[in-house]
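Hi,

Here is the structure I promised to pass on. Have a look at it first, and my notes follow below.

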Amino acid sequence: MELFDSFLDLVDKYAGFVVVIKALANLSIFYVSYINIRKLFWKKVELSCGSFKIRQKHFTVQNVTNVVSLKYYDGGLVPNEVRKEILKVTCPKIKEV
């Protein structure tokens with residue numbers, strides 16, 4: 001009986017820690033789910049050659065360039081001015097050092 005009581009004391013000591021770990025695990029699952037669901041939404045891209053919508057998960061420089069090339073230039077080369085617009089739209093914000 002004394003062994004069982006000492007085990008219960010040990011569990012009581014670490015019960016708060018387990019609750020915190022469980023809460024952090026639930027928050028991380030929620031965050032990952034939110035990020036993945038957000039990628040399914042559409043993003044509007046407006047350029048001088050035209051505008052279109054593309055899913056967030058496909059919103060990269062390469063994919064946007066490919067769409068513009070296919071949709072507006074029959075799969076040919078994208079002019080430098082339009083390429084510069086694509087870079088401005090898709091590149092992440094940076095901080096000067």
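**The hairpin**

Strand E1 (residues 42-47) runs antiparallel to strand E2 (residues 50-55), and the two pair over 6 bridges. Strands here are DSSP runs of E with at least two residues, helices are runs of H or I with at least four residues, and both are numbered from the N terminus. Two strands count as paired if DSSP finds at least two bridges between them. The link from E1 to E2 is a hairpin of 2 residues.

Before I go on, some housekeeping: this is a predicted model, with local features needing pLDDT of at least 70, side-chain atom pairs counting only at pLDDT 80 or more, and totals for chains, interfaces and linings using all residues. Residues are numbered from 1 along each chain as its sequence is written, and side-chain values use heavy atoms, with hydrogens and water left out.

Back to the strands. Trp42 sits opposite Arg55 in E2, and Lys44 has Lys53 of E2 as its bridge partner. In a regular strand, side chains alternate between the two faces of the sheet. In E2, Gly50, Phe52 and Ile54 make up the covered face, while Ser51, Lys53 and Arg55 are on the uncovered one.

**Rings and charges**

How many aromatic pairs are there? The count is 1, taking rings of Phe, Tyr and Trp (its six-membered ring) with centres within 6.5 Å; planes under 30 degrees apart are stacked, over 60 edge-to-face, and the rest tilted. The ring centres of Phe52 and Tyr72 are 6.5 Å apart and the planes are at 40°, so this pair is tilted. It links distant parts of the chain, with Phe52 in strand E2 and Tyr72 in helix H2 (residues 61-72), 20 residues apart. Phe52 is buried, at 7% relative accessibility, whereas Tyr72 is partly exposed at 25%. For these labels, buried means under 20% relative accessible area, exposed over 50%, and partly exposed in between (1.4 Å probe, protein chains only).

Lys43 lies over the face of Phe59, 5.1 Å from the ring centre. The rule there is NZ of Lys or CZ of Arg within 6 Å of the ring centre and within 35 degrees of the ring normal.

The structure has 1 salt bridge, meaning a side-chain nitrogen of Lys or Arg within 4 Å of a carboxyl oxygen of Asp or Glu. Glu46 and Lys44 form it, with their closest N and O atoms 3.6 Å apart. Glu46 is exposed, at 54% relative accessibility.

Leu10, Tyr14, Phe17, Val18, Val20, Ile21, Leu24 and Leu27 form a nonpolar surface patch, with about 810 Å² of accessible area together. Patches take residues with over 30% relative accessible area and no salt bridge, joining like charges within 9 Å and nonpolar side chains (Val, Leu, Ile, Met, Phe, Trp, Tyr) within 5 Å. The areas are from the Shrake-Rupley method with a 1.4 Å probe, and for residues only the protein chains shown count as cover.

Val18 is part of helix H1 and is exposed at 51% relative accessibility. Val19 is in helix H1 (residues 2-38) too, and its relative accessible area of 54% makes it exposed.

Finally, Asp74 is in the loop between H2 and helix H3 (80-90). Its phi is near 50°, a positive value in a residue other than glycine, and Asp74 is exposed with a relative accessible area of 77%.

Cheers
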